[in-house]
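Student: I want to learn how to read charged side chains in a model. Can you take me through one?
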Amino acid sequence: MPRPKGSKNKKISVVIDSIENIDVKIAIVKSAIATLTEELKAKKAELKELTKAKVEAEKFAAEKKTEEDKAKLMEAIAASGKSVDEIIQLLHSEN
């Protein structure tokens, strides 16, 4: 059975079209990767800033709690009517 005229050319044009479509798809994927990479860098920078802010907030909260505890302790000492030396002796005798 003879081959139809022009059938060979059709296969080549289909392959060329496929290659062009693949090239377009590759360009689209590369563009998407570049966009996502930039977004990732931005999110990492944002995460770094948030982590720093969290550490600073925790440090501030710890300092504030220490000051509050110190104030409560000073109030308790003043309310007890004992001198500092008496409280120190009391603390040493309990250990």
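Tutor: Start with one residue. Aspartate 69 is partly exposed, with 37% relative accessible area. Keep in mind that this is a predicted model.

Student: Which residue forms a salt bridge with aspartate 69?

Tutor: First the general idea. Side chains of opposite charge can pair when their charged atoms come close. Here the partner is lysine 65, and the closest N and O atoms are 3.1 Å apart. Lysine 65 is partly exposed, at 49%.

Student: Where do aspartate 69 and lysine 65 lie?

Tutor: Both are in helix H1, four residues apart, which is about one turn of the helix.

Student: How many salt bridges does the count come to?

Tutor: Three. Glutamate 46 meets lysine 43 at 3.7 Å, N to O. These two sit three residues apart in helix H1, which covers residues 7-80. Lysine 54 meets glutamate 58 at 4.0 Å, N to O. That pair is four residues apart, again in helix H1.

Student: Is lysine 43 buried or exposed?

Tutor: Exposed, because its relative accessible area is 55% and the cut-off is over 50%. Lysine 54 is also exposed, at 52%. Glutamate 46 is partly exposed at 41%, and glutamate 58 is partly exposed at 47%.

Note on methods: Residues numbered from 1 in each chain as written. Predicted model: local features only at pLDDT ≥ 70, side-chain atom pairs only at ≥ 80, totals over all residues. Heavy atoms only, no water. Salt bridge = Lys/Arg side-chain N within 4 Å of Asp/Glu carboxyl O. Buried < 20%, exposed > 50% of the residue type's maximum accessible area, 1.4 Å probe, protein only.
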